[in-house]
Amino acid sequence: MSRLGVGMHDLIRELYPICRSITGEGVRATLRTLQTRIPLVIHEVPSGTRVFDWSVPLEWNITDAFIKNRHGKRIVDFHASNLHVMSYSAPVRTTMRLADLRPHLFTSAEHPEWIPYRTSYYKENWGFCLSHKQLSQLPDEEYEICIDSTLVPGALTYGECYLAGETSEEVLVSCHICHPSLCNDNLSGIAVATFLAETLLRRVLRYSYRFVFIPGTIGSITWLARNEQAVSRIRHGLVLTGVGAGDRVTYKRSRRGRAEIDRAMEQILKHSGEPYRVIDFFPYGYDERQYCSPGFDLPVGCFMRIPHGEYPEYHTSADDMDFVKPDALARSYSHCLAVFDLLEQDRTYVNKNPKCEPQLGRRGLYRAIAGQQERQNRELVLLWVLNLSDGRHSLLDIAERADVSFEEVQRAAEALVACDLLQEHAEPETQPKF
Ligand code: ZN
């Protein structure tokens, strides 16, 4: 088992007990934990702030909640699982009979052992979530109800980690931080993003990287509203979500469909040896909905393993520490890092000997190549790179056309540069690639 996978799993374990929502102390506590690992700036946006067609909601905090039976025993206890309280529940303290309480109780008949996860952000309400099995066993008696929460003007909190590279062009990585004790949905993305930032922090980078840790939907809308001008610097982006479980990767393309990030991800997955599928953009899902809204249309795809709603554990207490696996986390991390490496290293070159093929043998390009087949494959990659390096095709273009891995193409380009057959094509930095 990889050390990194275990490290990410441990970070998830540390964040798991925190009761998060779209605002409140849970989000702050989560971001403070991440601050011990990466340079994260915490932003606070006051309730009521207009953000495009939305406004920042009241801040929600909770300290306790329970349902007590007539013997005074807590039969539903917020401290046993924060999923027991519907997120954004208004405060309540009363007694009522089961029949009156029922409209405020949420269960999943399909999975009678699990506690479902419910929210009521934009309509004031209160509620409890419990297993269907427990509800079916509750006697019809009077219950004491308490939700000790506050719903008052405060702020929406998000975190931003900026890693400066050689250029001001940016790679955006975004994940949501608004779910309570749920592992694959929200904590896996947080863990992988944090570890990616930690790794990139130690590297010399060509691109600048901006990691945003935001509450879903209202967080990305708020971030976009506050950074409307700055988003023009974003060249590539990924939303990371649901990256800790499942046997294969799912990549959802950006709205543009053939943006460099889409092509880079497909290229890496195709040669990764891991099962994967690539799906087209659709205007539902996670924060790619906002990044890819027509007024922004950013080149931001969504990297997942199993998409939301496609696994029974989704939005239930079964999305727990056992559901997310260190190996899945580590593989997700590796694919994303490979994509960043590709973006960092993708270049356009010019063949310095474009009139007919140069003689490759006498330049020592086949040294240390043992087998005949290997030699032929290598020669073909060298010929592809020489042929398409006319200043108009990047290494990624060549890898796609030759149907070989980016790594092979890049190695061939390095060898050709070393023997002076290839030189980098000078491209003005400010010229957008699309
Ligand atoms: Zn969710």
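The chain is divided into domain 1 (3-57 + 157-345), domain 2 (61-152) and domain 3 (348-424), with bounds that come from an automatic or database domain assignment. This is a predicted model, in which local features need pLDDT of at least 70 and side-chain atom pairs count only at pLDDT 80 or more, while totals for chains, interfaces and linings use all residues. Residues are numbered from 1 along each chain as its sequence is written, and side-chain values use heavy atoms, with hydrogens and water left out.

**Overall architecture**

Along its principal axes the C-alpha trace spans about 90 × 45 × 35 Å, and the centres of domain 2 and domain 3, taken over C-alpha atoms, are separated by 65 Å. The secondary structure comes to twelve helices and 19 strands, where helices (H or I, at least four residues) and strands (E, at least two) are DSSP runs numbered from the N terminus. Of the 434 residues, 56% count as buried; here buried means under 20% relative accessible area, exposed means over 50%, and partly exposed lies in between, with a 1.4 Å probe and protein chains only. Among contacts between residues at least 6 apart in sequence, 80% join residues at least 24 apart, a contact being heavy atoms within 4.5 Å.

D185 belongs to helix α5 (residues 183-201), whereas H315 sits in the loop between β16 (300-304) and α9 (326-345), so the pair ties together parts that are 130 residues apart in sequence. In terms of accessibility, D185 is buried, with a relative accessible area of 0%, while H315 is partly exposed, at 21%.

**Nonpolar cores**

A nonpolar core is taken as a set of buried Ala, Val, Leu, Ile, Met, Phe, Trp, Tyr and Cys residues joined through side-chain atoms within 4.5 Å. The largest such core has 77 residues, and F211, F213, F303 and F340 are those with the most contacts inside it. Its largest share, ten residues, comes from α5, and the core draws at least three residues from each of domain 1 and domain 3. Not counting residues up to four places away in sequence, F340 touches V171, V173, L196, L200, Y209 and L238. A second, separate core of 54 residues includes I62, V85, L101 and I145.

**Strand pairing**

| Strand pair | Sense | Bridges |
|---|---|---|
| β17 (residues 348-351) and β18 (residues 390-394) | antiparallel | two bridges |
| β17 and β19 (residues 422-424) | antiparallel | three bridges |
| β14 and β15 (residues 276-279) | parallel | four bridges |
| β14 and β16 | antiparallel | three bridges |

Within these pairings, V350 stands opposite D390 in β18 and also opposite Q423 in β19. In strand β14 (residues 249-252), V249 and Y251 point one way and T250 and K252 the other way, and all are buried.

**A covered helix and a buried glycine**

Helix α6 (residues 218-226) is mostly covered, seven of its nine residues being buried, namely I218, G219, S220, I221, T222, W223 and L224. G24 lies in the loop between α1 (3-15) and α2 (25-35), and at 0% relative accessibility this glycine counts as buried. Leaving aside neighbours within four places in sequence, G24 is in contact with E59, W60, N61 and A155. The C-alpha atoms of G24 and L151 are separated by 9.5 Å, although the two residues are 127 residues apart along the chain.

Definitions and conventions
Two strands pair if DSSP finds at least two bridges between them.
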